[in-house]
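Biologist: I have this one open on my screen, and I would like to go through it slowly with you.

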Amino acid sequence: MRKKRYLLGAMALTAALAATGCGSGTPSGSQAAGGAGNQAEAGQDSGSKDSGNTDGGSADSGSADNGADRNISCTLTLATWDVAAAKTFEELDMEGRFQELYPNVEIDIEEFNAEPEYFNSMKIRSSASELPDLMFHKSDSMNQYSEYLADLTDTEANKNNQIASEYAVDGKVLGIPDRKANDYVYYWTDMFDEAGVEVPETWDEFVEASVKLQEHFGPQDPDFGAICMGAKDAWPTYPLMEYGPAAQSGNGYYWDAMTEEDAPFAEGTDIHTVYGKIYDLFQKGVLGKDPLGITYDQSRALFAKKKRRHDLKQPHVPHRL
């Protein structure tokens with residue numbers, strides 16, 4: 001398995017694997033993506049002349065069980081910002097297992113260390129019709145690439161996946177989820193007990209608890225911050241800034257819905273309301289004296305030393321320490 005690593009940054013939902021309909025520049029590239037079963041439509045969408053043997057075939061004819069030509073020869077490109085996933089693919093020898101069906105197909109993995117740079121690159125490549133054969137997506141990004149992605153609705157991979165249909169776009173399954181992740185708030189129970197603070201269950205309670213903890217421990221330690229926030233890095237605020245509008249509205253596709261509004265940021269909209277709440281929280285001094293001066297890793301080190309009360313990952317799912 002060959003790798004191309006793109007070191008484009010140091011920044012760090014459901015992740016889904018999707019097949020692009022354009023292939024890797026050759027008809028066989030798209031067809032082979034369909035041959036594994038979970039990308040069965042890719043060859044048809046790309047207009048491949050070798051989009052699979054549909055007569056049932058036989059071992060002698062070089063056809064796989066699903067009718068595709070197992071003698072197809074090409075290189076498939078898989079792009080991802082998830083370095084851990086790429087490592088797992090290698091540890092599980094996914095290429096070797098795939099080659100048991102298609103011995104002449106190689107898989108090239110393009111690794112990006114940062115999600116923003118990954119999608120910036122994909123945006124540029126989509127306009128040039130140079131997307132990789134297989135892409136990693138978050139559930140909220142597939143809609144933006146729907147015109148390029150193969151329809152996986154009728155594939156065995158979709159039928160065998162418990163949550164793929166939940167993220168269909170216009171009735172079509174465009175990606176096969178490989179995980180579903182949650183974010184958490186880690187907090188120090190002994191510090192909560194000392195300050196007489198209950199675990200919050202609502203936003204107002206979360207703000208109240210943060211203020212109370214800051215007032216209790218702040219006078220003793222000028223470096224203390226109730227909320228652990230390494231805001232020198234751009235991404236640690238995403239549990240609030242990205243998820244907040246969706247939580248406020250109750251619509252997991254809020255960002256898509258905004259595009260249909262004439263004034264999506266107007267007063268009274270969900271995003272205006274929740275960003276106002278976040279701004280008010282940040283003005284209360286609960287992030288420590290210099291949240292913009294420390295990185296995420298530095299903030300976690302402060303949390304471990306109890307210089308911070310909790311590590312903010314999503315403010316409604318506390319996790320005890």
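Modeller: Let me start with Ser129, which counts as exposed because its relative accessibility is 58% (exposed means over 50% relative accessible area, buried under 20% and partly exposed in between, with a 1.4 Å probe and protein chains only). The model is predicted, so local features need pLDDT of at least 70 and side-chain atom pairs count only at pLDDT 80 or more, while totals for chains, interfaces and linings use all residues. Residues are numbered from 1 along each chain as its sequence is written, and side-chain values use heavy atoms, with hydrogens and water left out.

Biologist: Where does Ser129 sit, then?

Modeller: Ser129 is in the loop between α5 (115-127) and β5; helices (H or I, at least four residues) and strands (E, at least two) are DSSP runs, numbered from the N terminus. The phi of Ser129 is near 55 degrees, a positive value in a residue that is not glycine. Most residues other than glycine have a negative phi.

Biologist: And what is phi like at Asp170?

Modeller: Asp170 has a positive phi of about 50 degrees, although it is not a glycine. Asp170 lies in the loop between α6 and β6, and it counts as exposed because its relative accessibility is 76%.

Biologist: Changing topic, which residues of α3 are buried?

Modeller: In α3, which runs over residues 83-91, Ala85, Ala86 and Phe89 are buried. They sit on the same side of α3, because they cover an arc of only 100 degrees around the axis (the arc being that of the directions from the helix axis to the C-beta atoms).

Biologist: What do those buried residues pack against?

Modeller: They pack against β3 (74-80), α4 (94-99), β4 (105-112), β5 (134-138) and β6 (176-180), where contact means heavy atoms within 4.5 Å. On the face of α3 turned away from the buried side, you will find the exposed residues Ala84 and Glu91.

Biologist: What happens at the ends of α3?

Modeller: At the N-terminal end, Asp82 caps α3, with a side-chain oxygen 3.2 Å from the backbone nitrogen of Ala84. Just after α3, Asp93 takes a positive phi of about 50 degrees.

Biologist: Now for α8 and α12: at what angle do they pack?

Modeller: Helix α8 (residues 203-217) and helix α12 (residues 270-282) pack at about 10 degrees, and their axes are 11 Å apart. Axes are lines fitted to C-alpha atoms, for helices over the stretch in contact, and angles run from 0 to 180 degrees between N-to-C directions. That angle makes α8 roughly parallel to α12 (angles under 35 degrees count as roughly parallel, over 145 as roughly antiparallel, 65 to 115 as roughly perpendicular and the rest as oblique).

Biologist: Which residues meet there?

Modeller: From α8, Trp203, Phe206 and Val207 meet Lys277, Ile278 and Leu281 of α12.

Terms used. A polar contact is a pair of N or O atoms within 3.5 Å; within protein, one must be able to donate a hydrogen and the other to accept it, and residues adjacent in sequence count only if both atoms are side-chain atoms.
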